[in-house]
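Subject: Structure handover

Hello,

Here is the structure for your files. My notes on disulfides, strand pairing and salt bridges follow it.

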Amino acid sequence: MQKRRSPGRRPLLLAVGAGVTVAALAAGMTSAFAATVFNDDFNDGNTSGWSKSGGTWTVDGSGVFNQSNAGSELARQFAGQTSWTDYSVQARVRPASFGSSSALVGLAARSTSSTKMYRLALLGSGRAELQAVNGSSVTAIGSASLGVGTGTWYTVRIEASGSTIRGFVNGTQIASGSNSLTGAGRIGLVTAYASGGFDDVLVDSSGGGTPTTPPPTTTPPPTTTPPPTTPPPAGWPTPTGSQKVDATISVSGSFDGGLKRYYGIGDGGQSESQDPMFELAAGATLRNVVIGAPAGDGVHCEGNCTLINVWWEDVGEDAATFRGGTTYTVDGGGARSASDKVFQHNGSGTVYIKNFRVENAGKLYRACGNCSTSYQRHVVIDNVTVRNTDAIAGINTNWGDTARFSRITIVGDPDRETSICVKYKGVPKGSEPTEIGEGADGVNCLYSPSDITYQ
């Protein structure tokens, strides 16, 4: 798969002290790490920050770090710091050739030397195995038969928390166990009698460092949301009247529209940079409003804001854009006819969407994947009814975004075509983010089958 090059990109590496400990993104969340302390997508074509031990390594024209010597007994590239303790390391790994069933292409964590490490190996036998490697002694912590083949990309992750080591392939845990081989160490890319490619290396740790982009100014959202303050809407309201709007309505404090319909700004389409119907100052509340068509760019929140019982009859560019704050709440209301997205999250912090309904939309929520300033963003979606919508949320996992879902009802989707959580790789402004997967993974996309009901 080709990927767009971004000139001048260097791996991010920040110091993390030896006392670092794992912290879940929220209470009750397992194996989650909050701060990105290293990442490298090799798009700049160089290997700055990496140290080689064996093998023939090059970065190709598509920004993939390849080890091409399939005859090398053990080829490794190391990065990071020996003081790193509890962290998660993830990379995309593509085996190119295996010399035998025991040959491997894999990822390493807590490496204290070129031969002492934890390793998640994709084997020529088709298995994935989490290993504790100490010289020639290799102890299997756990394994799974995955039908691993050449030419296929696999997302491989190791999580180290105290003496607990976990291994994941494509978001599914394949092994977990207790092992005290090493308590700290660097990350590594490894092959043995095999060749392969590596990309999108990411290290997260909660105890130090900052995200690859300006840090979030809010803590990640809690595991559960409070009970709904209003019942979910059963249908669309009848406006009490209509008012044509010729210029953006600025709101400070609280604005109650009495369920009047407001319309008249923009062209009703998806053209960029349309004016909003309402612009909310930091701390403002907008309630009991029906936004008709044309609606321009809907609502802009310039800081923390609350939208209560707000309805969009025909979403234009976006229903609402969350820009400058850290906490945004949508309680009640609904939106329909959004050819792209309903809620656009450009600022930092957390968006809470509850007691809401969405119909005929592309996505209910999207964390911006190519804004001029990119943050770690979070969304909590609770008690929402979905109909004829492509996806509920889209997030950028390389920036540590999270999306939590509870009490989601999807109507009229017998083939289960609605995506719950779509994962993207966020990019700098001027480039386009790429979709890299979807579905619950316990780290970024957080829900269980019981959270989703189909009617």
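Cys301 and Cys305 form a disulfide (a pair of cysteine sulfur atoms within 2.5 Å), with their sulfur atoms 2.0 Å apart. The torsion about the S-S bond of Cys301 and Cys305 is about 90°, so this disulfide is right-handed. Both Cys301 and Cys305 are buried; buried means under 20% relative accessible area, exposed means over 50%, and partly exposed lies in between (1.4 Å probe, protein chains only).

Please note that this is a predicted model, in which local features need pLDDT of at least 70 and side-chain atom pairs count only at pLDDT 80 or more, while totals for chains, interfaces and linings use all residues. Residues are numbered from 1 along each chain as its sequence is written, and side-chain values use heavy atoms, with hydrogens and water left out.

The structure holds 3 disulfides. Another joins Cys368 to Cys371, with an S to S distance of 2.1 Å. The link of Cys368 and Cys371 is right-handed, with 110° about the S-S bond, and both cysteines are buried. Cys421 and Cys445 also form a disulfide, their sulfur atoms 2.1 Å apart. The torsion about the S-S bond of Cys421 and Cys445 is about -65°, so that disulfide is left-handed. The pair links distant parts of the chain, 24 residues apart: Cys421 is in strand 29 (residues 419-425) and Cys445 in strand 31 (residues 445-446). Strands here (E, at least two residues) and helices (H or I, at least four) are DSSP runs, numbered from the N terminus. Cys421 counts as buried at 0% relative accessibility, and Cys445 is buried with a relative accessible area of 0%. With the bonded cysteines of the protein chain numbered in sequence order, the pairing is 1-2, 3-4, 5-6.

Next, strand pairing. In strand 27 (residues 377-396), 17 of the 20 residues are buried, so this strand is largely enclosed by the rest of the structure. Two strands pair if DSSP finds at least two bridges between them. Strand 26 (residues 349-367) runs parallel to strand 27 and is joined to it by 14 bridges; Thr350 stands opposite His378 in strand 27. Strand 27 and strand 28 (residues 402-411) also run parallel, with 9 bridges, and Thr385 has Thr409 in strand 28 as its bridge partner. With strand 29, strand 27 pairs in the parallel sense over 5 bridges.

Last, the salt bridges. A salt bridge is a side-chain nitrogen of Lys or Arg within 4 Å of a carboxyl oxygen of Asp or Glu, and by this rule the count comes to 14. Glu313 forms one with Arg261, the closest N and O atoms being 2.8 Å apart. Glu313 lies in the loop between strand 23 (305-312) and strand 24 (320-322) and Arg261 in strand 19 (residues 254-263), so the pair ties together parts that are 52 residues apart in sequence. Glu313 is buried, at 18% relative accessible area, whereas Arg261 counts as partly exposed at 24%.

Glu302 and Arg323 meet in a salt bridge through their side chains (2.9 Å, N to O). Glu302 counts as partly exposed at 30% relative accessibility, and Arg323 counts as partly exposed at 38%. Arg357 forms a salt bridge with Glu359, with the closest N and O atoms 3.0 Å apart. Salt bridges that share partners also join Asp41, Arg92, Asp199, Asp200 and Lys425 into one network.

Regards
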